[in-house]
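Biologist: Thanks for sitting down with me. Could you take me through this model and say what stands behind each term?

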Amino acid sequence: MKNITILGSTGSIGTQTLDVIANDPERYRVVGLSAGSNLALLIEQAKQFRPSVVCLANKELAEQAKAELPSGIQVLYGEEGLVELAANADADVVVTAIVGSRGLPATLAAIEAGKTIALANKETLVTAGHIVMERARQKGVSVIPVDSEHSAIFQCLNGEDVKSLQQLTLTASGGSFRDRTRDQLAGVTVAEALNHPNWSMGAKITIDSATMVNKGLEVIEARWLFDVTYDQIKVLIHPESIIHSFVEFNDNSVIAQLGLPDMRVPIQYALTYPERRSTPTGRLDLAAIGKLHFREMDFARYPCLKLAFECGRAGQSAPTVFNAANEVAVARFLNGEIDFLGIERVLERVLERHSVTAVNDLQAIAEVDAWARKEAAVI
Ligand code: NAD
Ligand code: MG
């Protein structure tokens, strides 16, 4: 029996995590759930899974939740509540399925409390990978990837000596606009951008997939999870999302992880690792698929990925700025304030204005993050 807390239980990863749990009920107990503002779904989840504690984005929502929840469930709210939830003594594993760098304090609190981290919230590693991974190392805490590409690499590296790793390749579906030229990106709508060909995900990551920022965040995430250099990380377009990623060793042997695109597989693996259990997901039939396609990443077509590599290599405050500016730019695009290509314009301009500095602690990260958000809001 594993005790699970989910930060962001009402989102795409959160609901799929609960689906995995519901499929193997003897195996798990849900200890804590958190949501932003989707009170109705959180209450439904709490009634079904009976956690001992829940958290909502603010006090008003928490008051409403108290009135509707079965008695005996503790209700927390806000950033402090999320930190308390993440550190709750009863949990063994904390699934970080919240979106954005706002997940950082809670992720660190879970690490401090010695919880295994099933990490979906990639923005935390992008904004403060050096701090998160160092604390996890000091505390002896495992950070197990949920992101499909990183789960694939994690699985490929199982039992291998990381020193013999030559290169890892993250595959990229290409997102909603993969068959369009740059000229055809002007004037695309929010609805078109939200229509991902292979995956059904939250709004922010779907837009990030279309701009290829998502792959950029994943490059930086991979750098921290697997302790590799940026020269060892490659990105390859693979429209079918069947090969989730692969690794190449120094003997030129390549190991890949394959499967249908269904996040419940990597989510469950993060919960059961090192064990494997059956899932309610579909099985891969390569003969039925027939062909898999690959093409070289085109950095001129996807300049945000180039920017991400540059920020990763620059290190220090650059990834924090990249992430924060992107969070604001995506929110502005979703609100109809800027156009699709405006996202990369915001990123480029905020990064141009930024002088890279050391960010050795959370305070420094928070200051740089706030600066980038302010700049990104007015470009
Ligand atoms: P989502 O938007 O569907 O869900 C986000 C969750 O965060 C929701 O539960 C929401 O209530 C909560 N939240 C939002 N604002 C909040 C706030 N102010 N306070 C507290 N909680 C708040 O997002 P998602 O697609 O599930 O993605 C979650 C994370 O997982 C992201 O970091 C994303 O990059 C990563 N990820 C997602 C997928 C996927 O398939 N969806 C795949 C790989 C990685
Ligand atoms: Mg991914």
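**Strands, ligand and domains**

Modeller: Gladly: β1 and strand β5 (residues 93-96) run parallel and are joined by 4 bridges. Strands here are DSSP runs of E with at least two residues, and helices are runs of H or I with at least four, numbered from the N terminus. This is a predicted model, where local features need pLDDT of at least 70, side-chain atom pairs count only at pLDDT 80 or more, and totals for chains, interfaces and linings use all residues. Residues are numbered from 1 along each chain as its sequence is written, while chains are lettered from A and ligands numbered from 1 in the order in which they are written.

Biologist: What makes β1 and β2 a pair?

Modeller: Two strands pair if DSSP finds at least two bridges between them. Strand β1 (residues 2-7) and strand β2 (residues 28-34) have 6 bridges, in the parallel sense, so by that definition they pair. One example is Leu7, whose bridge partner in β2 is Ser34.

Biologist: Why is the unit of β1, α1 and β2 called right-handed?

Modeller: With the strands pointing away from the viewer, the path from the first strand over the helix to the second runs clockwise. The β-α-β unit of β1, α1 and β2 is right-handed in this sense.

Biologist: How do you know where ligand 1 lies relative to the domains?

Modeller: Domain 1 (2-145) and domain 2 (150-261 + 283-301) both give residues to its shell, so ligand 1 lies between them. Those bounds come from an automatic or database domain assignment.
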